[in-house]
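Please examine the sequence and the structure shown below before reading further.

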Amino acid sequence: MGELWPVPDVLAYLAGHWRTARSVRDLAGGLEGRFEGRTSFDALDGGGLIGRESGAFTWQGVTRPAERTLRYEPGSGPGRVDVRFADGRPFHGLDLSSGHHVADHPCAADLYRGEFTVRGPDRWRTVWRVGGPAKDLLLTTDYLRETPDA
């Protein structure tokens with residue numbers, strides 16, 4: 001797993017803009033896709049952050065615009081947040097106080113298992129394994145903080 005970077009305050013760590021690169025592998029069919037874009041974590045009214053991801057997703061040679069919005073609301077301590085879908089439905093908890101976290105999200109008959117690893121002050125990774133009767137996917141996303149001189 002490599003070196004972990006403990007995060008005492010998840011909201012402060014995530015705030016700002018991140019270059020986002022995701023590989024998507026369909027383990028059953030052998031197909032691969034790629035997302036390239038940006039994720040912005042901006043202040044949310046009432047506390048927390050709104051994470052807006054936007055970019056281009058390429059699947060089977062076709063590139064299309066793609067976007068996603070998640071809410072990151074304060075959890076039971078500064079190292080923790082509750083991640084919710086844009087409409088407020090619960091997604092998963094997130095505790096990065098050790099620099100690493102595993103979260104599960106059941107979706108119909110499929111299970112999403114996410115592994116979050118903080119690699120340093122300006123980079124982190126998520127690996128989602130999605131398994132069940134409808135899906136067999138591996139999604140690996142790398143986030144690199146955008147800096148003013150980058």
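Are F41 and Y72 buried or exposed? F41 is buried, and Y72 is buried as well. The terms are defined by relative accessible area: buried means under 20%, exposed over 50%, and partly exposed in between, with a 1.4 Å probe and protein chains only.

Before going on, some conventions are required. The model is a predicted one, in which local features need pLDDT of at least 70 and side-chain atom pairs count only at pLDDT 80 or more, while totals for chains, interfaces and linings use all residues. Residues are numbered from 1 along each chain as its sequence is written, and side-chain values use heavy atoms, with hydrogens and water left out.

The sheet comes next. Ten strands are arranged as an open sheet with antiparallel pairing, in the order β6-β5-β4-β3-β2-β1-β10-β9-β8-β7. Its edge strands, each pairing on one side only, are β6 (90–95) and β7 (100–107). From one strand to the next, the twist averages 20°. Axes here are lines fitted to C-alpha atoms, for helices over the stretch in contact, and angles run from 0 to 180 degrees between N-to-C directions. Strands (E, at least two residues) and helices (H or I, at least four) are DSSP runs, numbered from the N terminus; two strands pair if DSSP finds at least two bridges between them.

Individual pairs can now be followed. Strand β1 (residues 16–26) pairs with strand β2 (residues 32–43) in the antiparallel sense over 10 bridges, and G16 stands opposite F41 in β2. Strands β7 and β8 are likewise antiparallel, paired over eight bridges, and H101 has F116 in β8 as its bridge partner. Nine bridges join β8 to β9, which run antiparallel. In that pair T117 stands opposite R125 in β9, and the two strands form a hairpin with two residues between them.

The hairpin of β7 and β8 has two residues between the strands, and in it A108 takes a positive phi near 55°. A108 is exposed, with a relative accessible area of 84%. Q60, in the loop between β3 (49–59) and β4, also has a positive phi, near 50°, although the residue is not glycine. Q60 counts as exposed, at 55% relative accessibility.

What lies in the interior? A nonpolar core is a set of buried Ala, Val, Leu, Ile, Met, Phe, Trp, Tyr and Cys residues joined through side-chain atoms within 4.5 Å. The largest such core has 26 residues, of which L14, Y72 and W124 touch the most other members. The elements giving two or more residues to this core include α1 (10–14), β4 (62–74) and β9 (123–131). Leaving out residues up to four places away in sequence, W124 touches several residues, among them L14, W18, F41 and Y143; contact means heavy atoms within 4.5 Å.

Aromatic rings form a further theme. A pair of aromatic rings is described by the distance of the centres and the angle of the planes. Rings of Phe, Tyr and Trp (its six-membered ring) pair if their centres lie within 6.5 Å; planes under 30 degrees apart count as stacked, over 60 as edge-to-face and the rest as tilted. By this rule the count comes to 10 aromatic pairs. The rings of F41 and Y72 are edge-to-face, because their centres are 5.2 Å apart and their planes stand at 75°. Since F41 lies in strand β2 and Y72 in strand β4, the pair ties together parts that are 31 residues apart in sequence. The rings of F57 and W59, by contrast, are stacked, because their centres are 6.0 Å apart and their planes are at 15°. F57 is partly exposed, with a relative accessible area of 26%, and W59 is partly exposed at 22%. One aromatic cluster is formed by Y13, W18, F41, Y72, W124 and Y143.

Charged groups may also sit over rings. This is counted if NZ of Lys or CZ of Arg is within 6 Å of the ring centre and within 35 degrees of the ring normal. R89 lies over the face of F85, at 4.5 Å from the ring centre, and R145 lies over the face of Y13, at 5.4 Å from the ring centre.
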